[in-house]
Amino acid sequence: MARIPLGNFGNVMPQVQQTPIQQNTRGAIAGAVTNAALQVVQQQSNRAKQEQLVLDQQQEQESKIKFANLGAKATADLSLLDDNLNNQISQGLGINEAALQRQKGIKLIKNQYQFDVPEKYKLNFASYIDTSAYESSAKLMPAFRNAQQQQNVVLVDDTIDSALKAPDKSQFKALVQTSLDGSNLPLATQQQKYGKALNDWDINQATREVEALYLNGDIEGLKTSFSTDSLNKNYPDLQAGQMTALQKTASGKIRQIESANATELKAKDNDAK
């Protein structure tokens, strides 16, 4: 019986052929899985960013609160510093010393809080302290002006005392006026000081004249120079009461001279006998 040639066909396994529908289905599934994974990664990234944003906002809020609290404490310390200096100035603390103490105090306050200030706000804090110190200094201005005025008054008075040694009244007036012009004193105070200075000059000169005439035994000079007309002419800045007092002094000197002359004359008469 003739054999049917089988060849290699008998060893061939049946091959399953994929249809186009099956291939599309697998691709869709793989794409869906990939998209889902990407969505999960994106959601995790968004969640992490949101959590970081919330954390950053919390830290920023805490930093702002800390900055505000430290600023309030520093402002209170500055106010206390200026209050203490105000009291000390009113009790005689000099302006230069007060300014030096304030400068040191501000530096100490800065250093006290600077290390606790969040790094982001350190420059802002330094600027805030400077601004607060400037604003707080306003309460010191009246005391500073008053102290400066008192110092200027002392300087003017010292100048007037020295100027009394001037050789004549014209030069004395010029020295006094120059001192007052540079004093920054209120105009009313300057006028008062100028009038008193002229009065001091007249008293000083008239008193010297009384003593000089007395030492010379010049009775006629005392009578003439200290008459009302002469005093008004030579010492126009004397007050009425001062003129009266000088005339009484001159009269007393005349009596002393007359008494001394009488005693001397009597002694001569006794010697002649």
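In the predicted model, the charged end of K253 sits over the ring of Y214, 4.4 Å from the ring centre; a charge is counted in this way if NZ of Lys or CZ of Arg is within 6 Å of the ring centre and within 35 degrees of the ring normal. This is a predicted model, in which local features need pLDDT of at least 70 and side-chain atom pairs count only at pLDDT 80 or more, while totals for chains, interfaces and linings use all residues. Residues are numbered from 1 along each chain as its sequence is written, and side-chain values use heavy atoms, with hydrogens and water left out.

K253 is found in helix α9 (residues 240–272); helices (H or I, at least four residues) and strands (E, at least two) are DSSP runs, numbered from the N terminus. With a relative accessible area of 15%, K253 is buried, where buried means under 20% relative accessible area, exposed over 50%, and partly exposed in between (1.4 Å probe, protein chains only). Apart from neighbours within four places in sequence, K253 is in contact (heavy atoms within 4.5 Å) with V210, E211, Y214 and L222.

The secondary structure of the protein chain comes to nine helices and zero strands. Of its 273 residues, 27% count as buried. Among contacts between residues at least 6 apart in sequence, 68% join residues at least 24 apart.

K169 is buried, at a relative accessible area of 17%. Its side chain is joined to that of D202 by a polar contact of 2.8 Å. A polar contact is a pair of N or O atoms within 3.5 Å; within protein, one must be able to donate a hydrogen and the other to accept it, and residues adjacent in sequence count only if both atoms are side-chain atoms. Leaving aside neighbours within four places in sequence, the contacts of K169 are L198, W201, D202, P236 and D237.

T228 is found in helix α8 (residues 228–234) and is partly exposed, with a relative accessible area of 42%. The side chains of T228 and Q247 are joined by a polar contact of 3.1 Å. Beyond neighbours within four places in sequence, T228 is in contact with M243 and Q247. T228 and M243 are 15 residues apart in sequence, and their C-alpha atoms are 7.7 Å apart in space.

Aromatic rings were also examined. Rings of Phe, Tyr and Trp (its six-membered ring) pair if their centres lie within 6.5 Å; planes under 30 degrees apart count as stacked, over 60 as edge-to-face and the rest as tilted. By this rule the count comes to four aromatic pairs. The ring centres of F67 and F125 are 6.2 Å apart and the planes stand at 80°, so the pair is edge-to-face. This pair links distant parts of the chain, with F67 in helix α1 (residues 20–90) and F125 in helix α3 (residues 122–136), 58 residues apart. F67 is buried at a relative accessible area of 18%, and F125 counts as buried at 0%. One aromatic cluster is formed by F67, Y121, F125 and Y128.

Helix α3 has 15 residues and reaches 21 Å from its first C-alpha to its last, close to the 21 Å expected at 1.5 Å a residue; the expected span is 1.5 Å times one less than the number of residues. Its buried residues are K122, F125, I129, S132, A133 and S136. Seen down the axis of α3, these fall within an arc of 100°, so they line one face of the helix; the arc is that of the directions from the helix axis to the C-beta atoms. L123, Y134 and E135 are exposed on the other side of α3.

Helix α2 (residues 95–114) has 20 residues and reaches 28 Å from its first C-alpha to its last, close to the 28 Å expected at 1.5 Å a residue. The buried residues in α2 are I95, A98, R102, G105, I106, I109, Y113 and Q114. They cover an arc of only 155° around the axis, which puts them on the same side of α2. The face turned away from this buried side carries the exposed residues N96, Q103, K104, K107 and L108.

N184 lies in the loop between α5 and α6 (187–215). Phi of N184 is near 60°, a positive value in a residue other than glycine. Most residues other than glycine have a negative phi. N184 is exposed, with a relative accessible area of 71%.
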